[in-house]
Amino acid sequence: MSRNKKKKNNLRAQYRLLHDEAQRNGEDYYRDPVTGGRVSTKARLKRMRKCCKDGCRHCPWGFKKRS
């Protein structure tokens, strides 16, 4: 496995852990460890009742932004 792929997989795992912890604590956001920006949890996005089509990391509707 390439070094970049490993790094990407580690980052995804870290996002998953941060997201799950935020949801367990009833929080709507968590901080991205790379950018420091706020990331919405799946629970918060679901309360919005429709997809915003922004390509949110935890989109409950499965929307993926095309690059």
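The model is a prediction in which local features need pLDDT of at least 70 and side-chain atom pairs count only at pLDDT 80 or more, while totals for chains, interfaces and linings use all residues. Residues are numbered from 1 along each chain as its sequence is written, and side-chain values use heavy atoms, with hydrogens and water left out.

**Overall fold**

The chain holds two helices and two strands, taken as DSSP runs numbered from the N terminus (helices H or I, at least four residues; strands E, at least two). Along the sequence they follow the pattern α-β-β-α. The C-alpha atoms fill a box of roughly 40 × 30 × 20 Å along the principal axes. Of the 67 residues, 16% count as buried (under 20% relative accessible area; exposed is over 50% and partly exposed lies in between, with a 1.4 Å probe and protein chains only). Among contacts (heavy atoms within 4.5 Å) with a separation of 6 or more, 9% join residues 24 or more positions apart.

**Helix H1**

Helix H1 covers residues 3-24, and its end C-alpha atoms are 32 Å apart, in agreement with the 32 Å that its 22 residues should span at 1.5 Å a residue (the expected span is 1.5 Å times one less than the number of residues). The buried residues of H1 are Tyr15, His19 and Ala22. Seen down the axis, these fall within an arc of 65°, so they line one face of the helix; the arc is that of the directions from the helix axis to the C-beta atoms. An α-helix has 3.6 residues a turn, so residues three or four places apart point the same way. On the other side of H1, Arg3, Asn10, Arg16, Leu17 and Arg24 are exposed. The cover over the buried residues includes strand S1 (29-31) and helix H2 (42-47).

His19 counts as buried because its relative accessibility is 7%. Beyond neighbours within four places in sequence, His19 is in contact with Tyr30, Thr41, Lys42 and His58. After H1 comes Gly26, whose phi is positive, near 75°.

**Largest pocket**

A pocket is an open set of points on a 1 Å grid over the protein atoms alone, where a 1.4 Å probe fits, with protein on both sides within 12 Å along at least five of seven lines; lining residues have an atom within 4 Å of a point. The largest pocket has a volume of about 150 Å³, the space filled by probe spheres set on the points. Its lining consists of Arg38, Val39, Ser40, Leu45, Cys56, Arg57 and His58. Strand S2 (residues 38-40) gives the most, with three residues.

| Lining class | Number of residues |
|---|---|
| Nonpolar | three residues |
| Polar | two residues |

Technical notes. Nonpolar A, V, L, I, M, F, W, Y, C, P; charged D, E, K, R; others polar.
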